[in-house]
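Hello,

Please find the structure we talked about below.

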Amino acid sequence: MPHAPRTDWPQVVGELIQARQTILPRRLVAPGPDQEQFHAMLEAASAAPDHGQLLPWRFVLVPEAQRAALAEVFAQALTERDALATDEQREQAREKAFRAPRLLLLVVDAACGDSEVDLSERLLSAGAAVQNVMLVATALGFGSALTSGKALKSDTLRRALALREPEQAVCFLSIGTVASRQPVPPRPAVADYLSTWGSHP
Ligand SMILES: Cc1cc2nc3c(=O)[nH]c(=O)nc-3n(C[C@H](O)[C@H](O)[C@H](O)COP(=O)(O)O)c2cc1C
C-alpha cells in the first residue's frame, strides 16, 4: 500500500539499524521472545524483496524438544569430517545446540519456481528476510546472531532435517535476551563500499 514517508522514520530506522549487533549464541539467554513477539519477528521476513515471489527461503524452528537431536547431528557431523575427533570435541559440538532460547535454521531453495532467478538472487532475498527478523528482534530488545559452521553442509544434518536436494542450509539464527555484549566492531565507511562509475580515485 503506498504511503507518505514519516518524518520520524529516517532517525528511528537509522538508530535501529545501527543498534543491531551480533550477540553470539552463548551470550543469548532466557527469556526468549514470547509467541506474539516471535510472530512479529517472523512476519517481518515476509516483507523481504523476492524476485518473482518464489519464496525461495524458509526458516526451520529448532524447539527445545529437538535440541538434543541437533546436538547429536553436530557430534556426528564432526565425526564424519574428522575421524580423529575426540570425545571432548564431540561434547563441545553438542553443547552448541543448547544455546539461545530461540533457534532457527535458514534454508534456501536453489531451484523452486522460475529457473531464471538464480541462486545469488535467492540468497539475497534470504539475507533481507533474516535482516528484517533481526531488526524486529532488536526493536523488541532482544539480541540475535547468525552462525554458520561445517555441520550445515553435512549429509547428517541434511538427512535429519529432511532437506530436499536443491535446498541449502545457509545459517542458524539465534534469538534471546542479551546476557552481555561486546563492543560493536568498526563498521565500514560508505566510501569503502561505494564507487562512482566513470570517476577514478
Ligand atoms: C551468514 C553469516 C554467518 C555467520 N556466521 C558466524 C559464525 O559462525 N560465527 C561468528 O562468530 N559470527 C558469524 N557471523 C556474524 C558476523 O561475524 C558478524 O555479523 C560480523 O562480525 C559483524 O558484526 P555485527 O553483526 O555485530 O555488525 C555470520 C554472519 C553471517 C552473515
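The notes below go from the whole chain to single residues.

This is a predicted model, in which local features need pLDDT of at least 70 and side-chain atom pairs count only at pLDDT 80 or more, while totals for chains, interfaces and linings use all residues. Residues are numbered from 1 along each chain as its sequence is written.

**Overall**

The protein has seven helices and five strands; helices (H or I, at least four residues) and strands (E, at least two) are DSSP runs, numbered from the N terminus. Along the sequence their order is α-β-α-β-α-α-β-α-β-α-β-α. Taken along the principal axes, the C-alpha atoms fill a box of roughly 55 × 40 × 40 Å. The protein has 201 residues, of which 25% count as buried. A residue is buried if 20 or more other C-beta atoms lie within 10 Å of its own, exposed if 12 or fewer, and partly exposed in between, with C-beta atoms placed from the backbone. Two residues are in contact if their C-beta atoms, placed from the backbone, lie within 7 Å. Among contacts between residues at least 6 apart in sequence, 85% join residues at least 24 apart.

**Helices H2 and H5**

Helix H2 (residues 35–45) packs against helix H5 (residues 119–139) at an angle of about 150°, and their axes are 7 Å apart. Axes here are lines fitted to C-alpha atoms, for helices over the stretch in contact, and angles run from 0 to 180 degrees between N-to-C directions. On the H2 side, the residues that meet H5 are Ala40, Met41, Leu42, Ala44 and Ala45. Their partners in H5 are Ala129, Asn132, Val133, Leu135, Val136 and Ala137. This contact divides into 10 nonpolar residues, one polar and no charged. Ala, Val, Leu, Ile, Met, Phe, Trp, Tyr, Cys and Pro count as nonpolar, Asp, Glu, Lys and Arg as charged, and the others, Gly among them, as polar.

**Helix H3 and leucine 70**

Helix H3 (residues 67–81) has 15 residues and reaches 21 Å from its first C-alpha to its last, close to the 21 Å expected; the expected span is 1.5 Å times one less than the number of residues. Its buried residues are Leu70, Val73, Phe74, Ala75, Ala77 and Leu78. Helix H4 (87–95) and helix H6 (155–160) are included in what covers them.

Why does leucine 70 count as buried? Leucine 70 is buried because 21 other C-beta atoms lie within 10 Å. Leaving aside neighbours within four places in sequence, leucine 70 is in contact with Val62 and Ala97.

**Backbone details in loops**

The peptide bond from alanine 30 to proline 31 is cis, with omega near 0°. Proline 31 lies in the loop between strand S1 (28–29) and H2.

Glutamine 53, in the loop between H2 and strand S2 (57–61), has a positive phi near 50° and is not a glycine. Glutamine 53 is exposed, with 9 other C-beta atoms within 10 Å.

Alanine 100, in the loop between H4 and strand S3 (102–109), also has a positive phi, of about 70°, although not a glycine. Alanine 100 counts as buried, with 29 C-beta neighbours inside 10 Å.

Regards
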